[in-house]
Amino acid sequence: MPSTSQVEQRTARTHRFANGLVLIGEPTEAVQSAAFSFMVPNGYSKEPSNRLGLSSLVCDMVLRGAGSRDSRALINDLEILGVERGESVGASQTSFSAATLAANLNDALSIYADILRRPHLPEGQLDAGKLVCLQELRGAEDDPSQRLIVNLRRRAYPEPWGRPSHGDESGITSSTALEVNEYWTRTYQPQGAILGVAGNFCWESLVEHVESLFGDWKAVEGSPITEPTIKQGPVHVSQESNQCHLGIAFPSVPYRDPEYLRAWAMVGVLSGGMSSRLFTEVREKRGLCYTVSASLQTQRDRARVLCYAGTTAERAQETLDVTFAELLRLREGVKAEELERLKARIKSGLIMQQESTSARSSAIARDWYHLERVRSFEELGRLIDELTSADINEFLEAHPPADFVFATLGPAPLKLPESE
Amino acid sequence: MKFRSHTLDNGLEIVAECNDAAYSQGVGFFVRTGARDETDEIAGVSHFLEHMVFKGTPRRSAEDVNREFDELGAHYNAFTSEENTVYYAAVLPEYQEPTIDLLADVMRPSLREDDFEMEKKVIVEEIQMYADQPPFGMDDKIKELHYGKHPLARSVLGTVDSVESLSPEQMRTYFESRYSPGNLFVAAAGKVDFDALVEQVASRCGDWPAQEVSRDIPAPKSGSKFQCVHRESATQQYILQLADAPPSEDEDRYAAKLLATIFGDDSGSRMYWELVDPGLTENASMGHYEYLGAGMFFSWISCDPAAAKANFDRLAKLQEQVENQGFTTEELRQAQSKVKARVVLGSERPRNRLFHVGGNWMQRREYRSVADDLKAVDAVTLADLHRVLKQYPLSSPTTVTIGPLAEWAQAK
């Protein structure tokens with residue numbers, strides 16, 4: 001049954017500052033909130049190989065006091081403004097996201113201007129910052145599925161693109177205050193920075209306010225670091241556990257590739273919704289696992305499909321074989337009804353995305369990062385409507401799942417399928 | 001936003017918060033049943049039944065159910081707790097009728113033997129998955145320790161043994177005794193056509209036979225206990241604490257939530273500044289959880305095993321301090337701002353409103369608008385916080401710790 005809901009007409013406006021910062025705003029009166037996603041050109045790919053985790057450390061440190069506020073005042077004032085915030089270190093970008101009541105947007109942005117441009121990076125708190133990062137590292141060790149994905153990514157991507165954002169123990173412990181400062185100076189800068197804002201605000205006032213906060217931010221000349229490559233890690237990591245975790249990765253096309261939507265739809269047929277192939281074959285029909293999934297992970301210049309399943313050790317071989325068989329079966333093409341169902345889910349998701357200012361603010365910032373423009377809801381809706389299973393099958397002919405990389409974690413290694 | 005409600009002749013209630021400005025709707029069947037309504041023999045049956053609801057009906061196979069949900073573009077799921085089982089979907093408004101048709105149908109599942117035996121394997125996988133990740137089953141263990149043999153102490157998942165020994169007949173008996181129209185209701189939020197909703201639910205569920213359903217709500221007899229469980233393969237040490245707190249029925253639950261926010265929110269709280277910010281722990285937080293007849297202040301610390309005892313002592317000191325000195329006006333004001341913003345931001349998604357509307361109806365048979373909740377948060381005073389703290393002290397909780405430490409006494 002075709003749906004009749006329409007996305008709301010919203011226009012994304014853009015303003016490029018002379019220093020390279022790009023501001024994108026998509027205002028709407030339909031909400032009471034406003035949210036932003038601020039991306040700075042700092043990420044784990046820029047870390048020296050003996051300082052893995054430096055981006056996370058800097059991300060922690062910039063919140064320990066900024067501008068006129070010490071670390072306690074900084075957090076407290078954000079909370080009084082009712083700001084819900086998150087920080088995330090990626091391959092080439094670190095994102096600072098915040099959502100709040102529309103009336104508090106400008107005040108929140110002012111505080112973030114301090115965080116990004118005038119953090120204290122207090123030497124007296126460097127040890128605390130390192131401990132926080134080390135705690136995160138240790139915690140990741142206790143989550144077997146997370147460990148598996150870390151290993152799979154390391155094996156699936158060329159260095160430095162598959163690094164985990166949490167780095168490693170020696171990288172974090174050896175970082176000095178000087179290095180933190182120098183790394184922040186070099187990478188928290190306007191050239192390549194993107195600020196996406198969504199919600200209830202006035203565009204012209206926003207431009208004025210952002211100009212007053214960031215207009216005089218100085219761009220820094222970058223010098224890329226060339227590093228020796230790091231060994232990528234073994235296929236199997238041994239761990240005494242009830243469950244075995246397995247991962248399969250294969251290359252795909254990044255967001256800015258004109259064929260991205262076809263690849264994305266292909267992965268959706270594999271693993272989006274409970275009638276998708278992996279859920280049906282691995283879980284529903286055979287009861288082999290509770291969690292099985294595949295997702296398309298994109299960076300600017302490369303992408304991978306990452307598949308994961310967790311299963312009791314005795315059934316791990318069968319789970320691997322069945323999962324792999326589904327990846328090969330994709331080469332035979334997708335059916336029209338599979339795509340129609342997927343489209344219904346995607347369309348719902350798009351329309352519901354309008355309801356969340358934070359989801360929208362990060363979507364528009366991300367769009368700019370990959371495409372240097374914003375895709376409107378209408379454009380995306382239209383592209384999805386126009387997609388046919390023939391399109392996807394054409395894509396599959398030209399890019400069949402291949403060049404597989406495997407990773408497993410559990411009491412015993414598995415027999416890997418022969419890659420064709 | 002407008003609240004509407006209606007009761008069918010067989011006792012099935014329908015409640016909705018209607019918002020014409022929303023783009024989507026959330027709708028669900030909320031059943032007043034969970035682990036607390038089980039016996040040892042059928043431990044895990046509520047959760048297993050939740051899975052089986054999606055495995056087909058007299059007119060739909062499991063494959064049909066999955067396919068149809070996806071055809072509706074629904075974002076859907078279900079969950080089971082100690083007290084409730086909820087089945088929900090977020091859909092575009094034009095799919096209201098087919099969604100009700102599907103949800104109402106699966107609420108009368110066939111429980112076919114083949115599907116039952118296959119899904120049993122999935123449940124066992126799920127149990128094994130949770131056993132391998134923090135807190136390694138200690139969330140169940142701490143309830144047992146704190147409450148002893150009380151319905152709330154029952155594990156939602158059950159055990160591998162109890163699940164494996166379940167039969168479709170036992171599940172059917174349980175289903176028939178709990179999924180009666182007077183013991184569940186339909187809730188909806190967002191762009192809902194309420195009159196049509198009533199018609200749609202009435203036509204599918206109006207003939208469900210009503211049946212008396214009851215539930216014991218014994219007062220819990222809790223005590224402070226301590227247990228150290230050795231898990232050599234873990235990297236971190238985990239400390240869980242459980243203390244009594246205001247239950248669902250108590251208006252003091254707003255004060256309790258603010259208290260928990262000030263003391264143990266994962267940012268900006270006392271626990272945060274003392275334990276997280278200096279990097280002494282990976283996580284340290286406390287939350288308030290409400291049930292019928294009981295509430296919980298539930299705390300969690302994860303850290304390096306070598307620092308576990310010191311962190312435990314730091315937490316004890318924080319608890320003692322707050323009981324002696326109370327909270328400040330500043331802290332309360334900050335927590336109120338934070339919580340109110342969360343309420344407003346959350347209210348923008350119909351799916352979130354569905355859980356508020358459904359949750360309030362489930363626990364209290366009451367509707368609270370966003371404005372009502374904001375008002376209730378604003379009305380909390382320092383005196384309220386201190387009164388709750390006096391009635392429900394934080395300083396003598398039950399503690400369970402698990403990790404590489406073989407013995408607690410050995411920790412420095």
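**Exercise 1.** How many of the six residues of strand β11 (residues 405–410) of chain A are buried? Determine also which strands are joined to β11(A).

*Solution.* The structure under study is a predicted model.

Step 1. Six of the six residues of β11(A) are buried, and the strand is mostly covered.

Step 2. The two faces of the strand are then separated. V405(A), A407(A) and L409(A) point one way, while F406(A), T408(A) and G410(A) point the other way. Residues of both sets are buried.

Step 3. Strand β7 (residues 236–238) of chain A runs parallel to β11(A) and is joined to it by three bridges. In this pairing, V237(A) has L409(A) as its bridge partner.

Step 4. Strand β8 (residues 243–252) of chain A runs antiparallel to β11(A), with five bridges between them. Here the bridge partner of L246(A) is T408(A).

**Exercise 2.** Describe the side of chain A that touches chain B.

*Solution.* 

Step 1. The contact involves 58 residues of chain A and 55 residues of chain B.

Step 2. The elements of chain A that give two or more residues to this side are α2 (71–80), β5 (94–101), α4 (126–141), α10 (277–284), β10 (303–312) and α12 (336–353).

Step 3. The largest share, ten residues, comes from α4(A).

Step 4. By class, the residues of this side of chain A comprise 17 nonpolar, 25 polar and 16 charged.

**Exercise 3.** Which residues have the most contacts inside the largest nonpolar core?

*Solution.* 

Step 1. The largest nonpolar core has 111 residues, and those with the most contacts inside it are V58(A), V62(A), Y112(A), L195(A), L258(B) and L259(B).

Step 2. Helix α9 (residues 253–264) of chain B gives the most to this core, namely eight residues.

Step 3. Not counting residues up to four places away in sequence, L258(B) touches L332(B), A335(B), Q336(B), V339(B), V380(B) and L385(B).

Step 4. Another core, of 64 residues, lies apart from the largest one and includes V31(B), V65(B), V186(B) and L354(B).

How values were computed. Residues are numbered from 1 along each chain as its sequence is written. Chains are lettered from A and ligands numbered from 1 in the order in which they are written. This is a predicted model: local features need pLDDT of at least 70, side-chain atom pairs count only at pLDDT 80 or more; totals for chains, interfaces and linings use all residues. A residue is buried if 20 or more other C-beta atoms lie within 10 Å of its own, exposed if 12 or fewer, and partly exposed in between; C-beta atoms are placed from the backbone. Helices (H or I, at least four residues) and strands (E, at least two) are DSSP runs, numbered from the N terminus. Two strands pair if DSSP finds at least two bridges between them. Two residues are in contact if their C-beta atoms, placed from the backbone, lie within 7 Å. Ala, Val, Leu, Ile, Met, Phe, Trp, Tyr, Cys and Pro count as nonpolar, Asp, Glu, Lys and Arg as charged, and the others, Gly among them, as polar. A nonpolar core is a set of buried Ala, Val, Leu, Ile, Met, Phe, Trp, Tyr and Cys residues joined through C-beta atoms within 7 Å.
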